[in-house]
Amino acid sequence: MSLSSEQVRAEVLAILKRLAPEVDPAQIVPDQVLRTQVDLDSMDWLNVLACIHEQLGVNIPELDYGKVVTLDSMVAYLTARLAAASPA
Amino acid sequence: MKPPPIRRLPAPADPDDAPAADGFSWAAVARELGLTPGGGVNIAELAVDRHARSAIADKAAFRFLGAAGARREVSYRELAELTDRFGNALTALGIGRGDGVFVLCGRVCELYVAVLGALKIGAVVSPLFPSFGPEPIRNRIAQAAGKVLVTTAAAYRRKVAPLRGELPSLQHVLLIDAAGDADAGTLELHALLRAAPATPARVPTGPDDPALLHFTSGTTGQPKGALHVHGAVVGHYASARRALDLHPDDVFWCTADPGWVTGTSYGIVAPLVIGATSIVDEADFDPLRWLGILAGERVNVWYTAPTALRLLLKAGPELLAGRRFPDLRFIASVGEALNPEAVRWGQEAFGQTIHDTWWQSETGGIMIANAAGQPVRPGSMGRPLPGVVARVVRHVEGEPVTLIETPDTVGELALEAGWPSMFRGYLGQPGRYRESFAGDLYLSGDLVRRDADGYYWFVGRRDDVIKSAGHLIGPCEVESVLMAHPAVAEAAVIGKPDALAGEVVKAFVTLRHGARPDDALRLELLAHARRRLGAAVAPKEIAFVLELPHTRSGKIMRRRLKARELGLPEDDMPAWGEEK
């Protein structure tokens, strides 16, 4: 499944909105650390990753946590993983 | 802050006459710290100023690691100056002995300066967990009639400014990151620090003077502010040496936030009093980052939590492949019982046994531990430290508390009053303080068994308090916020077992007539709770139910809900103190 980065961004924001429904996506600064802007504790964060795995089919290993700290970097990471996984 | 009813510990006639069988006496530890009977004691003097006058003045007290990679060392000498300036700045604002000072920010240098500087001038300090939402913050500051809050501009705007009108006691809000454009009703901390003199700030304090306030949760009613005194420092010092094997030359990393008692007793006080160097990481848990800190900062002693250890374990062996930790000498854990698998994994991953420890906000410091040099029993919290007398008791509502001597019999863990870091009151709730003692026994609320060799094993909680990622959450605080929503008739909250966090908060709600139990309402309630309580306290799950189980007198039977959740027969749950 290959998705545009806009589609990936919409999916990620929808997942965030389900787990932390108080979040206003318009308030998220996309190139700043997500977890300092959105009130997510460790369990919330794991749930976000689990939902991403479930809905986009991408498992983010612990070694890659450093690559998904902002909304922009997470979208770029997921878009690239999805593109790499889809048949050329 | 209203003068709280401080419980004074009986002074032994001549404590040196009667050291315990192992030669330990609290009086001897106090003497080692230079304290004299009847003399003064101040936590910040022993933690900072004493070292700033000594040969280790230029040694790093803290090494602060910024979220974006900055690294800053602060020596004991610098820390003494910064805390003097902060103490003098508070004095200039009219703050003094017994006044409540709250801190609400991430793990940055200013937090540590504020806590220690306030202690110097005899103020009572309460660090709040930065993930608290507005309601837990308001409740705690209001209960203590807090006069000062040290926080960030963002936290102030989001969580405090909207409720400022409900906090008439709060005279000063000091922002650590405002630069010339401070919000109305706030002051710039750094401007105050620059203007304040670096002369010694000191108000004489005694061993029974209040110093620290840690809020904890019970089943019912408001959060309880457990009040600790300056004399507690004797317990912090002795327990860190014995249970954590901490020495002056060590690099020490306590991963807990000072908003929880561990992050204050062992993240601030104990390592400084010992004269060690403490690592403080501003960032949230990240497996790769944490392993990098352990190796790169050459950590010798590491005090962390089961949830973090289980998350590292879950990350799998690739994470640890090729990594070595030659400097790491001692690993300890606190927060909830450490499962035997995690202990065994520690051996594989680090070549070290992980030492579980047990204590609470009320005990102020470690009471029971798998101490250095003793054989560890995986899954056990260990044995009482020297100077601590633990008991297992039968405690049933309306009956006298009796000792259980038979090994491997479940009862409530109790401690003989008199250790220095024992809490001395629940702020403004003297009745609840009295209820937590039976004679001279402090009743911990934790159910345990003691094996024939004196090792203690955690069994569960006696009450309905939820333990999530090592932190206590009171069901009442969560239920009352849910019930403030117009669609909710009644709410009951339980801890749902979770492989990583121990328990997570799950809420069951009944709705008012006309409200529809659909997904939109569920998300609305979740948002409502998270906005007011913050992620650390708000429920992770909300379920709609048609009715909640009640006792005949109308109390919600949370244990029944929990039994249902677990698929157990409802009469199988231990019903300690519950009405039938």
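I looked up B:His528 first: leaving aside neighbours within four places in sequence, B:His528 is in contact (heavy atoms within 4.5 Å) with B:Val481, B:Leu482, B:Ala484 and B:His485. B:His528 sits in helix α15 (residues 519-533) of chain B; helices are DSSP runs of H or I, at least four residues, strands are E runs of at least two, both numbered from the N terminus. I find B:His528 buried, at 7% relative accessible area; buried is under 20%, exposed over 50%, partly exposed in between (1.4 Å probe, protein chains only).

I note that this is a predicted model, where local features need pLDDT of at least 70, side-chain atom pairs count only at pLDDT 80 or more, and totals for chains, interfaces and linings use all residues. Residues are numbered from 1 along each chain as its sequence is written, chains are lettered from A and ligands numbered from 1 in the order written, and side-chain values use heavy atoms, without hydrogens and water.

Next, aromatic pairs. Rings of Phe, Tyr and Trp (its six-membered ring) pair with centres within 6.5 Å; planes under 30 degrees apart are stacked, over 60 edge-to-face, the rest tilted. I get 24 such pairs over all chains. B:Phe423 and B:Tyr442 have ring centres 5.4 Å apart and planes at 75°, so I log the pair as edge-to-face. B:Phe423 is in the loop between β19 (411-416) and α13 (430-435) of chain B and B:Tyr442 in strand β21 (residues 441-450) of chain B, so the pair ties together parts 19 residues apart in sequence. B:Phe423 is buried at 0% relative accessibility. B:Tyr442 is buried too, at 2%.

Last, a charge over a ring (NZ of Lys or CZ of Arg within 6 Å of the ring centre and within 35 degrees of the ring normal). B:Arg140 lies over the face of B:Phe132, 4.6 Å from the ring centre.
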